[in-house]
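Please open the structure in your viewer and keep the sequence panel beside it.

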Amino acid sequence: MRRISRITVAGAATASLALALSACGGTSTSGSSESKGDKGLAIAYDVGGKGDQSFNDAAYAGLEQAKKEFGYETADIEPTEGETDADKQQRLESLAKQGYNPVIGVGYAYAAAMKGAAEKFPDTTFGIVDDATIEAKNVADLVFSEEEASYLAGVAAAKSTKTNTVGFVGGVDVPLIHKFEAGFQQGVKDTNPKVKVLSQYLTQTAEEGGFSSPDKGKTAAEGQIEKKADVVYAAAGLSGQGVIEAAAANKIWAIGVDSDQYKQEALAKYKEYILTSATKDVAKAVYNLSKSVEDGKPETGIVRGDLKSGEVGLADSNPKFKADKAVQEAVDAAKEKIISGEIKVKSS
């Protein structure tokens with residue numbers, strides 16, 4: 001196990017300042033900021049940042065669990081608007097240089113940056129969430145079978161709709177979000193072929209705000225609701241809050257994503273309209289990588305969470321959803337068939 005860092009308040013302030021400067025493109029000297037092996041987990045957030053009630057907040061929950069259990073110093077760093085791959089790489093390298101281990105980039109946007117940083121710091125374990133393209137001895141690709149949870153969301157939507165029209169709102173038109181749509185579409189159609197699925201992507205690139213614009217999500221959902229959708233599933237990060245808001249305003253069902261959004265404090269006033277959420281346990285993946293480093297056996301390569309492992313699934317926090325026997329039986333049956341291999345869920 002690593003030596004737990006016991007730093008003074010002044011030392012913490014110095015390290016924090018150095019990190020902030022590096023993250024914002026500033027410089028730091030190697031003297032005071034470099035302390036290899038002393039520190040623990042650090043995460044660099046994806047677009048939308050901390051407070052998205054979804055993907056990034058789940059990563060932070062994993063960080064908090066590791067911090068509590070291992071008692072070490074942690075760091076979590078926000079993205080900046082319009083940043084480049086070079087900016088991301090500098091952020092990751094700054095964290096590694098200061099002695100944080102592991103260092104996790106939350107989101108596929110860190111792929112190029114992660115590859116460069118991992119090459120420069122071969123003794124640091126890096127992790128990247130939602131990307132499986134990096135092949136390096138010191139990188140863990142933390143990925144999920146989102147299409148399986150989305151299939152279950154499709155089953156729930158098809159069993160819950162009264163208009164035979166449901167909606168899907170994707171944040172950005174990229175392969176990762178195509179997995180959510182593909183699973184959802186298949187789950188709907190396998191459950192009730194008469195149900196129509198309306199699909200819309202908010203932007204072509206993350207830089208255009210597809211994952212960070214609740215107003216865009218709200219507008220898209222309102223358009224689908226006008227076309228009679230009475231269940232809308234959003235895979236759009238922070239933008240999904242706008243979808244949920246629109247659903248609540250029109251008294252129809254929303255399906256959340258990544259975290260159990262029925263339980264999110266920021267969404268409490270809308271929760272009676274959040275039917276369920278297609279979850280993926282980013283917190284567990286983040287914690288597990290940290291624990292593997294702490295145990296001296298760092299995870300590397302592709303580390304996948306799926307329905308069988310329990311790292312993707314469908315939340316049942318809403319009492320109305322949980323009490324709906326027909327929906328629960330259909331979801332449970334589909335889950336068993338996916339795990340057994342009887343149902344093969346498409347990822348595109």
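**The whole chain**

This is a predicted model, in which local features need pLDDT of at least 70 and side-chain atom pairs count only at pLDDT 80 or more, while totals for chains, interfaces and linings use all residues. Residues are numbered from 1 along each chain as its sequence is written, and side-chain values use heavy atoms, with hydrogens and water left out.

Begin with a cartoon view, where the protein shows 12 helices and 12 strands; helices (H or I, at least four residues) and strands (E, at least two) are DSSP runs, numbered from the N terminus. Of the 348 residues in the protein, 57% are buried, where buried means under 20% relative accessible area, exposed over 50%, and partly exposed in between (1.4 Å probe, protein chains only). Among contacts with a separation of 6 or more, 68% are between residues 24 or more positions apart, a contact being heavy atoms within 4.5 Å.

**The nonpolar cores**

Next, select Ile-43, Ile-177, Phe-184 and Tyr-233, which have the most contacts inside the largest nonpolar core, a set of 61 residues. A nonpolar core is a set of buried Ala, Val, Leu, Ile, Met, Phe, Trp, Tyr and Cys residues joined through side-chain atoms within 4.5 Å. Helix H6 (residues 146-160) gives the most to this core, namely eight residues. In soluble globular proteins, nonpolar side chains tend to be buried together.

Centre the view on Ile-177, which, apart from residues up to four places away in sequence, touches Phe-168, Gly-170, Gly-171, Val-172, Tyr-201, Phe-211 and Ala-235.

**Helix H5 and Val-106**

Select helix H5 (residues 111-120), whose buried residues are Ala-111, Ala-113, Met-114, Gly-116, Ala-117 and Ala-118. What do the buried residues of H5 pack against? They pack against helix H4 (85-97), strand S3 (103-106), strand S4 (126-129) and strand S5 (139-144).

Move to Val-106, a residue of strand S3, which counts as buried because its relative accessibility is 0%. Setting aside residues up to four places away in sequence, Val-106 touches Ile-43, Ala-44, Tyr-45, Asp-46, Phe-55, Asn-56, Ala-59 and Val-129. Select Gly-49 as well: Val-106 and Gly-49 are 57 residues apart along the chain, and their C-alpha atoms are separated by 9.5 Å.

**Ser-259 in its loop**

Now select Ser-259, found in the loop between strand S9 (253-258) and S10. Is Ser-259 buried or exposed? Ser-259 is buried, because its relative accessible area is 10%. Leaving aside neighbours within four places in sequence, Ser-259 is in contact with Gln-53, Ser-54, Ala-58, Gln-264, Ser-277 and Thr-279.

**The pockets**

On a 1 Å grid over the protein atoms alone, a cavity is a set of points where a 1.4 Å probe fits but cannot get out, and a pocket is an open set with protein on both sides within 12 Å along at least five of seven lines; lining residues have an atom within 4 Å of a point. Grid points are joined across faces, edges and corners, and a volume is the space filled by probe spheres set on the points.

Select Asp-258, Asp-260, Thr-279, Lys-280 and Gly-313, the closest to the centre of the largest pocket among its 25 lining residues. The volume of the largest pocket is about 410 Å³, and the largest share of its lining, four residues, comes from H12.

For the second largest pocket, which holds about 310 Å³ of space, select Val-47, Thr-80, Glu-81, Gly-82 and Glu-207, which lie nearest its centre among the 16 lining residues.

**The cavities**

Finally, look inside, where the structure holds two cavities of 30 Å³ or more. The largest cavity has about 170 Å³ of space, and of its 18 lining residues, Phe-55, Ile-177, Phe-211, Gly-237 and Asp-258 are the closest to its centre. Helix H7 (175-191) is among the elements that supply at least two residues of this lining, and H7 gives the largest share, three residues.

The second largest cavity has a volume of about 40 Å³, and the residues that line it include Glu-146, Phe-180, Tyr-233, Asp-258, Thr-279 and Lys-280.
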